[in-house]
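Here are my notes on the model you asked about. Keep the 3D view open and work through the points in turn.

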Amino acid sequence: MFRRLKKWFGNKDTKQSNFQSDMNHKNIPKHVAIIMDGNGRWAKKQGLPRVMGHHAGMKNVRSITIAANNMGIDVLTLYAFSTENWKRPKDEVDFLMKLPEEFFPMMIDELIENNIQIKMIGNKEGLPDYTLKSIEKAIELTKYNTGLILNFALNYGSRNEILQGFNRLIHAIHLGEVNEKEITEETFSSFLHTSGLPDPDLLIRTSGELRISNFMLWQLAYSELWFTDAYWPEFDEDQFVKAIVEYQNRARRYGGL
């Protein structure tokens with residue numbers, strides 16, 4: 001088993017994509033969101049425990065983050081753990097909660113070197129202290145970086161986010177901070193977790209599933225959707241560029257002609 005692990009867990013440096021020549025570098029999406037799905041199924045395919053799929057998926061975050069940064073993408077949001085994922089077996093959840101302790105110390109120097117800033121959306125309440133501590137340290141260490149925003153959706157559910165935003169908006173109205181007769185879509189967006197970030201231009205989901213699973217329901221209203229059968233650990237730069245190229249070949253009309 002460990003020979004197979006070494007094959008996947010080595011340092012996966014990004015390479016020049018075979019599709020780079022097809023990409024229009026003047027039409028790069030500002031915000032790409034990814035539902036990183038299929039870690040467990042990838043592990044089963046390799047004859048490995050499910051948790052090893054999550055470990056391989058964590059390693060792939062590095063490769064795709066560096067690729068996104070090199071492309072000139074402004075924001076990369078990764079759906080790391082949903083509010084529904086707490087239903088999974090305790091051992092698996094515990095493993096997932098410990099991944100930030102491994103990922104951020106391993107990546108922090110490279111993130112800083114590449115001017116990448118860490119952010120998080122989702123509910124901090126309910127996360128283990130050690131998980132939250134690792135994330136907050138990474139956020140603090142990269143807060144002055146001005147390049148790619150690597151935004152982790154952790155303990156995140158979009159319906160919950162919308163309800164929280166609605167309650168915060170009502171509270172602001174009661175305080176006289178917002179005029180209820182002047183509320184716009186932009187006003188409401190400012191009360192969501194993604195306040196200050198552009199809506200995703202492109203959503204990618206791996207593993208062959210064709211749904212958005214309570215992810216950024218408000219923000220994805222006009223996003224382009226791209227699905228692939230590849231499991232997240234095997235989603236490489238070639239596939240990432242392929243998704244970008246297809247995005248560039250679509251006409252975004254926003255309801256117009």
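Predicted model: local features only at pLDDT ≥ 70, side-chain atom pairs only at ≥ 80, totals over all residues.

1. Start with strand β2: 7 of its 8 residues are buried, so β2 is largely enclosed by the rest of the structure. Here, "buried" means under 20% relative accessible area, "exposed" means over 50%, and "partly exposed" is anything in between (1.4 Å probe, protein chains only).

2. Residues are numbered from 1 along each chain as its sequence is written, and side-chain values use heavy atoms, with hydrogens and water left out.

3. Now for the sheet. In what order do the 6 strands of the open sheet come? The order is β3-β4-β2-β1-β5-β6, with parallel pairing; two strands pair if DSSP finds at least two bridges between them. β3 (117-121) and β6 stand at the edges with a single partner strand each, so one side of each has no neighbour in the sheet. On average, neighbouring strands are turned by 20 degrees against each other, direction ignored. That angle is taken between axes, which are lines fitted to C-alpha atoms (for helices over the stretch in contact), and angles run from 0 to 180 degrees between N-to-C directions.

4. Let's walk through the pairings. β2 and β4 run parallel and share 7 bridges, with Leu76 opposite Leu150 in β4. Between β1 and β2, also parallel, there are 5 bridges; His31 faces Val75 in β2, and Ile35 faces Tyr79 in β2.

5. On to β5. Strand β1 (residues 31-35) is joined to β5 by 4 bridges, in parallel, and Ile34 stands opposite Ile204 in β5. β5 also pairs with β6 over 4 bridges, again parallel, where Leu203 is opposite Leu225 in β6. Which way do the side chains of β5 point? Leu202 and Ile204 point one way, Leu203 and Arg205 the other, and all are buried.

6. Tyr79 turns up again in the aromatic pairs. The whole structure has 11 of these: rings of Phe, Tyr and Trp (its six-membered ring) pair if their centres lie within 6.5 Å, and the planes count as stacked under 30 degrees apart, edge-to-face over 60 and tilted for the rest. Tyr79 and Phe215 are stacked, 4.2 Å centre to centre with 15 degrees between the planes. Tyr79 lies in β2 and Phe215 in the loop between β5 (202-205) and β6 (224-227), so the pair ties together parts 136 residues apart in sequence. Both residues are buried. Elsewhere, ring pairs link Trp226, Trp232, Phe235 and Phe240 into a cluster.

7. Most residues other than glycine have a negative phi. Ser213, in this loop, has a positive phi of about 50 degrees although it is not a glycine. Met216 lies in the loop too, and its phi is near 50 degrees, also positive.

8. Finally, the largest pocket. A pocket is an open set of points on a 1 Å grid over the protein atoms alone, where a 1.4 Å probe fits, with protein on both sides within 12 Å along at least five of seven lines; lining residues have an atom within 4 Å of a point. The largest pocket has a volume of about 650 Å³, the volume being the space filled by probe spheres set on the points, which are joined across faces, edges and corners. Its lining has 32 residues, and Met36, Asn39, Tyr79, Ala80 and Phe81 lie nearest the centre. The largest share of the lining, 6 residues, comes from α4.

How values were computed. Helix = DSSP H or I, 4+ residues; strand = E, 2+ residues; numbered from the N terminus.
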